[in-house]
2 protein chains.
Amino acid sequence: MPPLRYELLRQDDSSRARLGRVTTPHGSFDTPAFMPVGTQATIKGLLPTMVAELNSQIILANTYHLMLRPGSELIAQMGGLHQWMRWDRPILTDSGGFQVFSLSDINQIDDDGVRFKSHLDGKNVLLTPARSMEVQNQLGADIIMAFDDCPPANAERDEAQGLEAAEGADESAPPLSTRASRDVEGESPNRRAPKPKTTPERLREAVTRSARWLDLCVAAHARKQDQALFGIVQGGIDLDLRTWSASHARGHDLPGYAIGGVAVGEGYEQLVRVVQHTAPLLPEDRPRYLMGVGYERDILAAVRSGVDMFDCVLPTRNGRNANAFTPTGQMRLRNAKYAADAQVIDPECDCPACGTGKGFSRSYLRHLFAAGEMLGPILVSAHNIRHFQRYLLDIRQAIAHNDWSLIARRWPVAMA
Amino acid sequence: MPPLRYELLRQDDSSRARLGRVTTPHGSFDTPAFMPVGTQATIKGLLPTMVAELNSQIILANTYHLMLRPGSELIAQMGGLHQWMRWDRPILTDSGGFQVFSLSDINQIDDDGVRFKSHLDGKNVLLTPARSMEVQNQLGADIIMAFDDCPPANAERDEAQGLEAAEGADESAPPLSTRASRDVEGESPNRRAPKPKTTPERLREAVTRSARWLDLCVAAHARKQDQALFGIVQGGIDLDLRTWSASHARGHDLPGYAIGGVAVGEGYEQLVRVVQHTAPLLPEDRPRYLMGVGYERDILAAVRSGVDMFDCVLPTRNGRNANAFTPTGQMRLRNAKYAADAQVIDPECDCPACGTGKGFSRSYLRHLFAAGEMLGPILVSAHNIRHFQRYLLDIRQAIAHNDWSLIARRWPVAMA
């Protein structure tokens, strides 16, 4: 009995998009799927029951953070991540690699692994493919990710994906670039020192090293019967490297595959180019996961290239900063023009904030943020997650009925 | 048709405790009742639906805060407080007086009112009895309070009411004195400069001025048909002043009466002495409200003196500081001894955190606070409110069945 089963329910006529269903030891989720990010074993500000009611069928947690605090041994002792955080649906954990490379001071990288200083207390920590597997085995997620070498991306802000200028600027908000989407929850991108650009040689080294590390992960994975290990295709925007990496990963006959190293500042055109090239290289009968993506438009392009799974911190991070997603773009609720606005964020939305038009007014939400009240981040985070789950519901409808006019009509933001 | 109806359902045999029911334009609440505090038109961290599910039948909001931000005119324009904050059950607003005297820099007090600087932006504001009525009429609560002269109390920390020493100390937590219970939510007592002691002359002046201001409030109150104005008995620990103040207030034949100026550092013995003296001076057929009280033991003594209504910030304030109320005393969830504790806070509790034993472990809650996650304050605030609502449910049971052994058995903390 494999730890994960993928059923392809319908292939779209006009694109590579596919409707599917993934079954894990903690139940099933429909694909294409959107996974909210619970970095520290909680979706910030939301009870797990509410996250489920927003139609989240699977969530993501960050191995790096939980390994450092409270430690995966403690979580294992408490019965594993599902039991500990009271989430009985599927969970995916990342490998810790991305955060090691983006959040910590790295002392040494070699073929064995990465030696780094914890961002919490400066303690020296060694993360290797085998250790990442051990930690993820202890956490006990349904889907676990291979540990890979993630050199810093050549990140630049992707202004095209930022807010409409008409909504004004807010210094307290993090930069709204595609880059942000691959961060962990709760970390300000500003905390990190600028990293050097990755040279073509370093990128090639990372791809070949990630391949060797995948071999080691497969060998070290101790819970193959109930945890599905996904391999990750790397290669930046070098399509030949992507082809090589995909071919190596497929050699392991894994239950699923991810595309990593995108949404790191390469811009929409390159993102689409890489995903359109890479997704078809992955097996038809396994789920495909595009890591850290993203905005509505990115998700649509990736779905139409054959991607099945997405994760992103934007709904909760932007929710905490009073930025509400709507089908026509983001709404900055701190804006003075909402002071006496009796409308809800989105009258079509059925989230706890909007209540299909009977919820909390923009006026009240603006007050909550002005007054520094927790209920503001709570309500707008819930709304934003529901926004993405409703969007994915409509995408699944579009595939099911072979009718993409639904997306064009209801989600102008995805057509931008 | 009066704006408020009090039904006395049962008088206890062994004390002045009484079971009752108060009906307002927004529905009824059972008495003795506990009102959570929503200073800025939100119970910190909780959706209104959750506050109601915890069995809160009425909440309190602070006129001072809402008057300064966003302004009562705006809230009136948005349909009033109930509509704006999406709470359709009864609401009580205080007069703003207590916060003016405790939070702001006062420029001038005279028989007209108080001129002070806003704690938000330093702007000069004048609050008078008529203006307090106007603001409360605009907010539209079911019960509104007379504007009174509240000289600073001779507050000293009441160590007897603090945490058990065994639980350790936490500098980040506010002082746990009865004083804290009369504060507004979200304000650190440390922000305030020490106030001079109130002399007997100043106390007498405050009582007579409050009486004149009550006359002005009664005259200015413009929504007598749907908002019940409560008079407030002042007088500190001077029982003669209390008698005089009660007699004056009764002269107005108001729909309800409050005892103010207690739980301000006078200590448990004096609190009980004042309440035992004052409550019987108030009419049998009207609800009696003891402002800003308090701990379980204080509430029990006041109920047995004939008090019907209570409000307190302790459940939410302490909840945000990882202090959970239990029937045997407070539990500091930051304590290292809970790191691997799989039990819920209180296995008998049916709140969202405890789930009658099937909820979140102390281990997980401790992690949430260590990691600075919002879900910690949310869950422990919900638990603490439910703790007080369960306590009041049991008190009402005790009166209904004339059996106080229930309280002694289930709530040892109240017997301390």
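**Exercise 1. Two helices in chain B**

At roughly what angle do the axes of helix H6 and helix H7 of chain B cross, and within what distance do they come? Classify the arrangement and describe the contact.

*Solution.* The model is predicted. Start with the elements.

1. Helix H6 of chain B covers residues 129-139, and helix H7 of chain B covers residues 200-220.
2. Their axes come within 8 Å and cross at roughly 40 degrees.
3. Angles under 35 degrees count as roughly parallel, and 65 to 115 as roughly perpendicular. H6(B) and H7(B) are therefore oblique to each other.
4. The crossing of H6(B) past H7(B) is right-handed.
5. On the H6(B) side, the contact is made by B:Pro129, B:Ala130, B:Ser132 and B:Met133. H7(B) brings B:Trp213, B:Leu216, B:Cys217 and B:Ala220.
6. By class, the residues of this contact are 7 nonpolar and 1 polar, with no charged ones.

**Exercise 2. A sheet in chain B**

In what order do the 3 strands of the open sheet E7, E8 and E9 of chain B lie, and is the pairing parallel or antiparallel?

1. The order is E7-E8-E9 in chain B, with antiparallel pairing.
2. Strand E7 (105-109) and strand E9 (124-127) of chain B are the edge strands. Each pairs on one side only.
3. Neighbouring strands of the sheet are turned by 25 degrees against each other on average, direction ignored.
4. Now take one pairing. Strand E8 (residues 114-117) of chain B joins E9(B) in the antiparallel sense over 4 bridges.
5. Within E9(B), B:Asn124 stands opposite B:Lys117.

**Exercise 3. Two copies**

1. Next, count the interface. Chain A gives 29 residues to the contact, and chain B gives 29 residues.
2. On the side of chain A that touches chain B, helix H3 (72-77), helix H4 (81-85), helix H12 (362-370) and helix H13 (375-400) of chain A each supply at least two residues. H12(A) gives the most, with 5 residues.
3. That side of chain A has 18 nonpolar, 7 polar and 4 charged residues.
4. Finally, compare the two sides. Of the interface residues of chain A, 100% are also interface residues in chain B, so the copies meet through the same surface.

Conventions: Residues numbered from 1 in each chain as written. Chains lettered and ligands numbered in written order. Predicted model: local features only at pLDDT ≥ 70, side-chain atom pairs only at ≥ 80, totals over all residues. Pairing = 2+ DSSP bridges. Axes fitted to C-alpha atoms, helices over the stretch in contact; angles between N-to-C directions. Parallel < 35°, antiparallel > 145°, perpendicular 65-115°, else oblique. Left-handed = near helix turned anticlockwise from the far one by under 90°. Contact = placed C-beta atoms within 7 Å. Nonpolar A, V, L, I, M, F, W, Y, C, P; charged D, E, K, R; others polar.
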